[in-house]
Amino acid sequence: MTRPSSPTAAWRPGMPGSDNLPSGPSGRPLPPSGDGHGPQAGAPTVTIGSYPDYPSAQRVVDYLADNRFPVERTAIVGTNLTLVETVMGRLTTARAALVGAGTGAWFGLFIGLLFGIFTAGNWVAVILVGLVIGAIWGAVFGAVAHAMTGGQRDFTSASSLRASQYAVTVDADVADQARQLLGRMHLTPTGATAR
């Protein structure tokens with residue numbers, strides 16, 4: 001049986017050896033399709049404009065959609081991504097317990113509603129008991145979880161990804177149509193390059 005000449009040679013369609021692949025837990029594996037170098041790349045794309053913020057890029061795609069452009073052939077690509085963590089405030093054990101009580105109350109309300117639907121008696125009391133028990137347990141778990149951090153993270157924050165630039169790309173075969181439509185729009189891109 002002929003094998004690839006080196007252990008790093010990629011499998012190609014028609015190459016011998018696919019008939020003796022070992023079977024796995026789900027049965028006999030199929031040889032890879034295509035050229036053996038991973039999934040096929042999509043159609044070539046062209047950048048029709050770069051914008052400093054997401055709303056500008058979104059406005060461009062919305063304008064294209066309003067003018068019957070096939071927007072399923074567009075993409076908004078953020079470049080130079082930065083993770084920004086905005087600190088919301090100080091987190092104390094009391095505040096952690098309060099946040100936990102709110103979360104627990106929502107969960108308790110949900111459970112109370114489920115039990116209340118199937119209760120023949122006073123269903124409002126069942127819902128209120130679920131809400132109160134959920135709030136108490138949520139407060140306890142919130143306080144304990146914060147105390148277990150040992151003061152390593154005594155603040156609350158929200159994380160977001162931000163890009164320094166947003167490029168609008170379209171498939172190469174419809175790029176001229178997109179450029180013509182954008183020529184009528186009154187929004188100036190910061191640059192347009194082929195990709």
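Reader: D171: buried or exposed?
Author: D171 is buried, at 15% relative accessible area. Buried means under 20%, exposed over 50%, partly exposed in between (1.4 Å probe, protein chains only). This is a predicted model: local features need pLDDT of at least 70, side-chain atom pairs need 80 or more, and totals for chains, interfaces and linings use all residues. Residues count from 1 along each chain as its sequence is written, and side-chain values use heavy atoms, without hydrogens and water.

Reader: What does D171 form a salt bridge with?
Author: R73, with the closest N and O atoms 2.9 Å apart. A salt bridge here is a side-chain nitrogen of Lys or Arg within 4 Å of a carboxyl oxygen of Asp or Glu.

Reader: Where do R73 and D171 lie?
Author: R73 lies in the loop between α1 and β2 (74-90), D171 in strand β3, so the pair ties together parts 98 residues apart in sequence. Helices (H or I, at least four residues) and strands (E, at least two) are DSSP runs, numbered from the N terminus.

Reader: And D173?
Author: D173 also forms a salt bridge with R73, at 2.6 Å between the closest N and O atoms. D173 is exposed, at 59% relative accessibility.

Reader: New topic. How many aromatic pairs?
Author: Two. In one of them, the rings of Y54 and Y166 have centres 5.7 Å apart and planes at 70 degrees, so the pair is edge-to-face. Rings of Phe, Tyr and Trp (its six-membered ring) pair with centres within 6.5 Å; planes under 30 degrees apart are stacked, over 60 edge-to-face, the rest tilted.
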